[in-house]
Amino acid sequence: MTSTKEIITNGFWSNNVVFAQLLGMCPLLGVTTTAMNGIGMGMASLAVLLGSNVVVSLVRNYIPTEVRIPSYIIIIASFVTIIDLVMNAYLHDLHKVLGLFIPLIVVNCAILGRAEAFASKNSLARSAIDGIASGLGFTFALFLLGASREVLGSGEIFGMDLFGPSFHPALGFVLPPGAFIALGFILMGIKWIEAKREEKKAVATPATAAHPEANAA
Amino acid sequence: MPDFIKMGLALMVVGLVATSILAVTEAVTRGPIAEAKRLEILRALTQVLPQGFDNAPDSDTILLSDSRLNRKLKPVTFYRGRKGDSNLGAAFVVTAPDGYSGNIDIMLAVIPGGTISGIQVVAHAETPGLGDKIVITDWPQSFQGKTLDNTKWGVKKDGGDFDQFAGATITPRAVVGAIKKGLAFFVENEGKIFQPASTEAVK
């Protein structure tokens, strides 16, 4: 059984929805023109993930296996609708920007993925932690991509001008192709960090380097 | 109990619970959503209408439709700003069907006699950094004080009075065209537009 600490590092980093699983690409690429949009979308997804994980975990022993997927989808869709309505009512401006993408959280396979792979087999507390960790991991990825596109594409961060009027931003990064390019470079960076860490580990503990840790992948 | 009944029951319970929770959420958020939308319209109205109206333009409205307002003849709400008995101006949304990517909705406020007091782009899907200069620069202010007669309605490239942007001519051309048509409609129908609130008026 995985420890709480492992659930957190798995959700946030080593099994990150975006960096490791490459799920949720549609909202990821669609909304991340600014850092703030990324955070907003990330937090909305986090709320849905937490809610659906908790409820799926609660009902996991009562839903017959044959109909579990449709039930999970109803649960997820309900949470998305709730978030949609609540954001529309109380965060109207952000909702206007993200509007189109909020309903699409339903089809973010990362959320169904966590429900099926984790929450349906684990206790309430562990599922909640997993939901928060995965949600934060997703938010972090959205923020990273949003921030880099905003800096490169508009020369701003959180709407603040960074380089003054003489700076000509690379407009392409705000446009859809820029999303793919920026994501590619970020993934490259992540893989590089991972490779460095592996190397260090191998050097530090040469005796256990061959330990079958690899099956976690 | 046969399995299929169990499955059906499980799905039914999930569906029922989900629907009731959603119904409650909808009922709770309905008011705030309507209020947020009203404030949004009011904010746009205060920006485009002349200062000093003492009525509530967002509820003093009339619906009119014309092919010059939008191609689909969708009824357009005219928000009237009044001070006492005098008409200060009316604001309404015109739709430019020929933007670079899709429709551009522009709120346009006109003073009686047919002078523009302000415009604001309310919805568009133009290219960020190029076409969206119609929103993020002070280009919209160049419409202030324009009438059908004192202005050559077109972008400079077409021999008109309005600036286009480097790399984006289609967007400003579409906006200028839509505003000109909206203004022409206003001038011809001024009487109708300012007629007192009737039962037709939509809240």
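**Note on the aromatic pairs, cores and charged side chains**

1. B:Phe92 has a relative accessibility of 0% and counts as buried. The model is a predicted one. B:Phe186 is likewise buried, and its relative accessible area is also 0%.

2. The ring centres of B:Phe92 and B:Phe186 lie 6.4 Å apart with the planes at 5 degrees, so this pair is stacked; the limit for stacking is an angle under 30 degrees. The pair brings together distant parts of the chain, since B:Phe92 belongs to strand 3 (residues 86–99) of chain B and B:Phe186 to helix 3 (residues 170–188) of chain B, 94 residues apart.

3. A second pair is formed by B:Trp153 and B:Phe162. With ring centres 5.3 Å apart and planes at 45 degrees, the pair is tilted. Both B:Trp153 and B:Phe162 are buried. Over all chains there are twelve aromatic pairs. One aromatic cluster is made of B:Phe78, B:Phe92, B:Phe185, B:Phe186 and B:Phe194.

4. The largest nonpolar core contains 34 residues, and B:Phe78, B:Phe92, B:Ile106, B:Phe143 and B:Ile179 have the most contacts inside it. At least two residues of this core come from each of strand 1 (61–64), strand 2 (76–83), strand 3, strand 4 (102–111), strand 5 (115–123), helix 3 and helix 4 (190–194) of chain B. Helix 3 of chain B supplies the largest share, eight residues.

5. B:Phe143 deserves a separate entry. Neighbours within four places in sequence aside, B:Phe143 is in contact with B:Ile116, B:Ile119, B:Trp153, B:Phe162, B:Val175, B:Val176 and B:Ile179. Apart from the core described above lies another core, of 31 residues, which includes A:Val18, A:Phe19, A:Leu28 and A:Leu183.

6. The side chain of A:Arg149 does reach the backbone oxygen of A:Phe173, at 2.6 Å. Leaving aside neighbours within four places in sequence, the residues in contact with A:Arg149 include A:Leu29, A:Thr32, A:Thr33, A:Ser154, A:Val174, A:Pro176 and A:Ala182.

7. The count of salt bridges over all chains is 14. In one of them, A:Glu116 meets A:Arg68 at 2.8 Å, N to O. This pair links distant parts of the chain: A:Glu116 is in helix 6 (residues 109–117) of chain A and A:Arg68 in helix 4 (residues 68–90) of chain A, 48 residues apart. A:Glu116 counts as partly exposed at 23% relative accessibility, and A:Arg68 counts as partly exposed at 26%.

8. B:Asp60 and B:Arg80 form a salt bridge at 2.9 Å, N to O. B:Asp60 is in the loop between helix 1 (3–48) and strand 1 of chain B, while B:Arg80 is in strand 2 of chain B, 20 residues apart. Are these two residues buried or exposed? Both B:Asp60 and B:Arg80 are buried.

9. In the salt bridge of B:Arg68 with B:Asp66, the closest N and O atoms are 3.0 Å apart. B:Arg68 is partly exposed, with a relative accessible area of 23%, whereas B:Asp66 is buried, with 17%. Elsewhere, B:Glu35, B:Arg38 and B:Asp58 are joined into one network by salt bridges that share partners.

Terms used:
Residues numbered from 1 in each chain as written. Chains lettered and ligands numbered in written order. Predicted model: local features only at pLDDT ≥ 70, side-chain atom pairs only at ≥ 80, totals over all residues. Heavy atoms only, no water. Phe/Tyr/Trp six-rings, centres within 6.5 Å; stacked < 30°, edge-to-face > 60°. Helix = DSSP H or I, 4+ residues; strand = E, 2+ residues; numbered from the N terminus. Buried < 20%, exposed > 50% of the residue type's maximum accessible area, 1.4 Å probe, protein only. Core = buried A, V, L, I, M, F, W, Y, C linked by side-chain atoms within 4.5 Å. Contact = heavy atoms within 4.5 Å. Polar contact = N/O pair within 3.5 Å; in protein donor to acceptor, adjacent residues only side chain to side chain. Salt bridge = Lys/Arg side-chain N within 4 Å of Asp/Glu carboxyl O.
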